[in-house]
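Have the viewer open as you read.

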Amino acid sequence: LPVTDFEDIDRVGREMHDFARRLWPLPRSISGEGLRATLRAIGERLPGFELFEVPSGSRVLDWIVPDEWWVRAAWIEAPDGRRICDFAVNNLHLVGYSTGVDAILSREELDAHLHSLPGQPEAIPYVTSYYERRWGFCLAHREREALPAGPYRVFIDAGHRAGSITYGECVIPGESEQEVLLSTYCCHPSMANNELSGPVLTAQLGEWLARAPRRLSYRLLFLPEMIGSIAYLARMREHLQRHVIAGFQLTCVGDERAWGFLPSRGGDTLADRAVRHVLQHLDADYTRWCWLDRGSDESNWCAPGVDLPVASVFRSKYGSYPEYHTSLDDLEHVVTPRGLGGSFRALRRIIEILEADVTPRTTVLGEPQLGRRGLYPSLAKKGSTAGVRRLLDLLSYADGKHSLLEIADLLDCPFHELLEIATQLAEKGLLTMHADPR
Amino acid sequence: LPVTDFEDIDRVGREMHDFARRLWPLPRSISGEGLRATLRAIGERLPGFELFEVPSGSRVLDWIVPDEWWVRAAWIEAPDGRRICDFAVNNLHLVGYSTGVDAILSREELDAHLHSLPGQPEAIPYVTSYYERRWGFCLAHREREALPAGPYRVFIDAGHRAGSITYGECVIPGESEQEVLLSTYCCHPSMANNELSGPVLTAQLGEWLARAPRRLSYRLLFLPEMIGSIAYLARMREHLQRHVIAGFQLTCVGDERAWGFLPSRGGDTLADRAVRHVLQHLDADYTRWCWLDRGSDESNWCAPGVDLPVASVFRSKYGSYPEYHTSLDDLEHVVTPRGLGGSFRALRRIIEILEADVTPRTTVLGEPQLGRRGLYPSLAKKGSTAGVRRLLDLLSYADGKHSLLEIADLLDCPFHELLEIATQLAEKGLLTMHADPR
Amino acid sequence: LPVTDFEDIDRVGREMHDFARRLWPLPRSISGEGLRATLRAIGERLPGFELFEVPSGSRVLDWIVPDEWWVRAAWIEAPDGRRICDFAVNNLHLVGYSTGVDAILSREELDAHLHSLPGQPEAIPYVTSYYERRWGFCLAHREREALPAGPYRVFIDAGHRAGSITYGECVIPGESEQEVLLSTYCCHPSMANNELSGPVLTAQLGEWLARAPRRLSYRLLFLPEMIGSIAYLARMREHLQRHVIAGFQLTCVGDERAWGFLPSRGGDTLADRAVRHVLQHLDADYTRWCWLDRGSDESNWCAPGVDLPVASVFRSKYGSYPEYHTSLDDLEHVVTPRGLGGSFRALRRIIEILEADVTPRTTVLGEPQLGRRGLYPSLAKKGSTAGVRRLLDLLSYADGKHSLLEIADLLDCPFHELLEIATQLAEKGLLTMHADPR
């Protein structure tokens with residue numbers, strides 16, 4: 001795999017941010033044309049990308065796929081003729097899956113259909129009603145409070161029909177049938193950290209992975225949240241259980257405020273260990289979330305009887321930052337090129353571990369004579385061996401029982417630095433590398 | 001089992017306190033009529049209660065049952081004719097198992113037979129000499145210091161004879177042959193926390209258990225301390241080892257000052273886990289005693305080769321409160337109705353765990369669609385799912401590998417609250433319940 | 001084994017310090033006559049001590065034994081005729097393994113061959129160049145800075161020849177073929193804590209061990225560091241792997257400033273547990289070093305494929321005290337009789353554990369009746385049983401699953417005190433002792 005250095009990260013971060021801007025206005029939901037347009041834009045970047053449709057009414061595991069939602073326009077006309085809550089201006093204004101309506105309402109009648117946040121008076125909240133028919137509008141609380149007496153005309157040109165939900169899949173094959181799962185979702189309207197950062201990062205990783213030969217195969221999923229992973233499991237559970245050695249749920253990976261990790265249900269899979277290692281060296285104070293803090297498709301990937309080794313990597317996790325699920329979660333103040341680029345680098349390091357983690361075995365008994373190989377200072381004085389400590393420490397654990405990742409953790413050394421040393425030792429004939437029995 | 005609510009606890013606490021008052025004056029020891037009278041009073045409350053006699057001189061495991069002690073009267077007559085240390089006033093005045101005596105002694109001769117506590121000058125100490133013949137009196141240090149020059153007449157109408165020690169047993173059968181052991185002792189004279197709280201609580205639990213059908217069988221033992229559990233093991237060890245799945249040693253359970261837990265020798269039996277769980281939710285700062293702090297029959301229940309899963313629950317543990325083993329350990333300042341009632345509630349919760357701990361298994365793959373079962377809010381907005389978190393968390397651990405108690409600990413949720421949720425889910429067909437393979 | 005009491009420790013400490021003074025001036029290196037003279041002086045004290053020579057050029061594991069180094073004289077003559085850096089005054093002045101030279105050099109030319117420590121201007125540093133031919137002198141930085149302009153005459157009457165390296169071995173047989181390894185090194189010139197304290201302690205332990213019958217066999221090794229343990233493993237690895245049950249690397253054991261422990265690579269061998277136990281009771285704040293802090297022959301003893309259970313005991317560990325590897329590491333300010341004596345006592349206690357650790361089993365069911373054996377107070381009152389707690393606690397863990405050392409750790413009781421109690425109980429027939437299945 002080609003290694004991306006730090007200068008690239010800035011460029012990559014800007015590319016990701018640009019792509020997020022392009023996806024921003026598409027009116028996403030768990031079904032419909034906004035979702036399809038988003039998936040097609042992603043698919044243009046990834047060879048082998050495919051769209052899948054799951055028909056409304058399908059029974060998928062315990063769930064029933066809902067009708068498809070379509071929407072053409074939605075607004076409220078105030079008594080003075082001014083249009084407010086216009087879906088064309090911000091698609092958060094319309095409660096997701098609203099039914100159609102065209103009616104004149106009093107101020108009081110209207111109010112029962114409005115959603116706002118008194119504690120965040122400038123924010124439009126994100127509200128949906130997928131599985132029960134209703135309609136509603138979302139707006140800034142400040143604007144709501146200023147609404148004059150009615151009457152109001154409410155107009156929603158939307159509806160439901162037997163159609164399908166849609167998801168995208170891209171498999172990037174490697175030498176091995178062992179797979180890494182990258183899962184993200186594409187069903188939220190115009191919000192940046194939750195959720196555009198997820199699909200944008202996943203697409204960028206896919207481009208990078210497709211660029212060069214690799215040991216493992218990669219399966220990238222772009223789903224409508226919950227119903228998408230349920231539908232995918234209905235089709236592919238046994239395949240995943242046979243092949244996936246590590247997986248990552250990717251959302252809320254676009255800001256610069258924090259790092260976070262939410263373990264798989266098991267808690268100590270290869271995926272968990274790789275994330276912990278990388279975050280430890282990026283920011284030892286990263287937030288340790290626990291399984292009880294979960295809130296997305298990992299609930300399905302790790303459910304009893306599914307039990308995939310899927311961990312979650314976050315910057316600021318959903319529910320933990322003030323702009324979450326409001327119009328304030330944007331590409332200006334929350335998600336930044338640098339935040340996205342940092343997440344790309346973190347995932348790249350995690351993937352490099354999965355690609356390169358092997359079990360080294362020393363070829364000599366006792367400490368090798370490094371001096372005659374030019375690896376040890378010939379003049380011994382106080383402090384002269386500091387530079388060879390990691391090399392000797394690696395050799396001392398190269399007993400065939402510890403993988404490179406385990407040794408990196410024992411040495412508190414970044415995996416990629418230890419890999420360089422291991423490679424150097426292997427070239428000198430002092431180490432052999434073995435596939436982990438794992 | 002019928003659930004007792006909190007109002008009941010106050011009533012139950014008063015009942016227990018009243019019963020303790022009734023037992024208070026009976027002159028208990030490890031043998032004799034005071035012990036028998038105490039056991040008979042308990043037996044009146046418990047169906048199937050039986051008295052057992054173990055003859056003096058019997059070899060029981062490593063021990064020899066001592067002679068039975070009888071006592072009719074004991075006092076000292078001061079030079080002015082005043083009676084002090086009168087056994088009829090407080091049976092702590094006489095050293096337990098004292099021999100008979102009728103003699104005139106000088107002040108100095110008498111002093112060699114007196115016991116008092118300089119650091120607690122108002123307290124009559126509790127002193128016994130079961131296995132060596134001597135006589136003595138116990139009194140408040142303040143009173144001792146005021147004793148004038150002699151002569152004194154000492155009179156003890158007491159003695160030893162080939163008789164027996166006595167214990168009471170009550171088996172309350174359930175559907176299963178698996179047993180819960182409740183062990184307490186009845187050999188201390190007029191002291192409240194150590195020991196009347198123990199037999200009073202055990203009797204109250206027995207009444208409650210006998211009132212309704214139950215899954216497990218319960219074996220209640222009312223013993224003279226040490227020699228009683230030794231004698232019981234000599235007769236019943238193999239039965240106990242085959243049937244007892246959890247046991248509790250009950251003493252010092254009557255005050256309101258603290259909660260405490262002393263584990264079984266193994267330290268992680270079902271009994272230990274149930275106590276830890278219940279105390280955690282009653283008072284997370286409960287005192288964690290360790291096996292080395294033990295001091296009663298658990299030494300025998302958990303001894304090498306016996307190895308019963310017996311844990312101890314305390315309010316203020318013996319040895320840890322100032323009134324311990326003195327006349328100050330009374331029913332006014334130390335043991336209260338509320339203290340006794342709280343212990344009843346704690347043991348009831350522990351027993352409810354033993355009765356109801358099963359292993360739940362989810363019936364669906366992936367997260368179930370709670371919405372179509374009316375268990376999930378149809379309108380999704382920030383914070384709307386807080387109410388269903390525990391339900392989803394329980395389902396996420398319902399993999400057939402975790403018992404309800406284990407899941408309750410993982411969720412930091414009181415067992416009885418989780419049991420309600422599990423029952424609701426089982427009614428909806430989302431869970432099945434399985435006997436723990438334990 | 002005869003127990004040495006504390007008064008002895010002072011005498012033993014002085015003996016060790018005297019012996020270190022005797023060895024001080026011998027010009028040690030990893031080969032040569034200074035090393036042989038040191039080993040012979042040690043050998044005089046130990047019955048069965050043998051010298052071994054390993055010829056230059058021998059392949060030993062991954063290493064090649066270097067040529068032997070000889071040195072007769074070395075000094076620098078300053079322009080004023082004064083001799084400085086005279087090897088006869090302090091053998092640290094000459095870089096170890098220097099080649100011969102006789103030349104006139106300018107001040108600048110000389111400087112390229114000088115070593116000093118700007119941060120410790122009074123200290124002569126210790127420098128060697130075993131595996132590359134060069135020459136050099138070491139001196140106090142203060143002296144170096146005062147050197148006038150040249151010319152200087154440098155004279156080193158030294159050289160290398162096909163010879164051998166030398167080590168000493170002493171096997172003290174016991175009843176069992178199980179062995180304890182004591183490893184120390186003898187290749188450093190005049191420095192006290194690192195290293196004379198090591199061979200001096202090991203010799204003293206050897207004398208003590210040889211004095212009385214013992215259960216285990218003891219193998220004492222006096223080696224040139226690194227190349228010595230490599231050469232020894234080349235000859236004896238399989239024997240060691242079959243017989244050694246615990247081993248100790250001994251250096252830096254002569255000062256009074258600290259206690260330290262560096263575990264074997266495995267970290268929880270009998271050797272590790274014995275050291276931890278003894279240091280815990282000598283000074284609970286002893287320094288816990290980790291495997292990554294290692295820096296001597298334990299690298300070979302514990303290397304992958306060798307895997308001997310060798311732990312290190314320290315006072316102030318190499319690298320951690322300011323005088324380390326300089327002329328300041330002396331017998332006046334760093335190493336003291338009391339420091340050496342304390343280390344002797346610590347190692348003696350460790351060895352006593354290895355000799356006496358067995359698995360006790362109680363012979364009775366339930367707590368034994370200590371009273372009828374005179375082991376329990378006949379008069380029971382508050383606090384009367386404090387004196388028998390350890391005895392009862394020991395019995396409560398005498399289940400055949402815990403060794404005495406494990407029980408001592410559970411009871412936080414020094415092993416030798418628990419051993420006394422166990423012996424007393426065994427005499428009363430309450431315990432039997434069993435060889436640990438370990």
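## Around the axis

Copies are superposed by least squares on the C-alpha atoms of residues with pLDDT of at least 70 in both.

Chain B goes onto chain A by a rotation of 120° with 0.0 Å of shift along its axis, again at an RMSD of 0.1 Å. That is the relation of a three-fold axis. In chain B, the C-alpha nearest the axis belongs to B:Asp268, 13 Å from it.

A word on the ground rules: this is a predicted model, so local features need pLDDT of at least 70 and side-chain atom pairs count only at pLDDT 80 or more, while totals for chains, interfaces and linings use all residues. Residues are numbered from 1 along each chain as its sequence is written, chains are lettered from A and ligands numbered from 1 in the order in which they are written, and side-chain values use heavy atoms, with hydrogens and water left out.

## Where chain C meets chain A

On this interface, 33 residues of chain C are in contact (heavy atoms within 4.5 Å) with 24 residues of chain A. Together the two chains bury about 2300 Å², 50% of it on carbon and sulfur atoms. Buried area here is the accessible area (1.4 Å probe) that two parts lose on being put together, summed over both. On the chain C side, C:Asp62, C:Leu292 and C:Pro304 lose the most area to chain A, together 28% of what that side buries.

How many salt bridges are there between chain C and chain A? The count is 4, where a salt bridge is a side-chain nitrogen of Lys or Arg within 4 Å of a carboxyl oxygen of Asp or Glu. C:Asp62 takes part in a salt bridge with A:Arg373, with 2.7 Å between the closest N and O atoms. There are also 17 residue pairs in polar contact between chain C and chain A, both residues at pLDDT 80 or more. A polar contact is a pair of N or O atoms within 3.5 Å; within protein, one must be able to donate a hydrogen and the other to accept it, and residues adjacent in sequence count only if both atoms are side-chain atoms.

Strand E3 (63–64), helix H6 (227–243) and helix H8 (298–301) of chain C are the elements that give two or more residues to the side touching chain A. Helices (H or I, at least four residues) and strands (E, at least two) are DSSP runs, numbered from the N terminus. By class, that side of chain C has 16 nonpolar, 9 polar and 8 charged residues. For those classes, Ala, Val, Leu, Ile, Met, Phe, Trp, Tyr, Cys and Pro count as nonpolar, Asp, Glu, Lys and Arg as charged, and the others, Gly among them, as polar.

## Where chain B meets chain A

Here 24 residues of chain B are in contact with 33 residues of chain A. Chain B and chain A bury about 2300 Å² between them, 50% of it on carbon and sulfur atoms. The salt bridge count is 4, and A:Asp62 pairs up with B:Arg373 in a salt bridge at 2.7 Å between the closest N and O atoms.

Which elements of chain B give two or more residues to the side that touches chain A? They are helix H10 (389–397) and helix H11 (404–411). H10(B) gives the most, with 6 residues. By class, this side of chain B has 11 nonpolar, 5 polar and 8 charged residues.

## Two sheets in chain A

An open sheet of 8 strands in chain A runs in the order E1-E10-E12-E11-E13-E16-E14-E15, with mixed pairing. Two strands pair if DSSP finds at least two bridges between them. Strand E1 (50–55) and strand E15 (287–288) are the edge strands, each pairing on one side only. Strand E13 (residues 244–250) and strand E16 (residues 310–314) of chain A pair in the parallel sense over 4 bridges, and A:Leu250 stands opposite A:Val313 in E16(A).

An open sheet of 4 strands has antiparallel pairing and the order E5-E4-E9-E6 in chain A. Strand E5 (83–84) and strand E6 (101–105) of chain A stand at the edges with a single partner strand each, so one side of each has no neighbour in the sheet. E4(A) and E9(A) pair in the antiparallel sense over 9 bridges, with A:Val71 opposite A:Ala158 in E9(A). The side chains of A:Arg161 and A:Glu68 meet in a salt bridge (2.9 Å, N to O). This pair links distant parts of the chain, 93 residues apart: A:Arg161 is in strand E9 (residues 152–161) and A:Glu68 in strand E4 (residues 68–77) of chain A.
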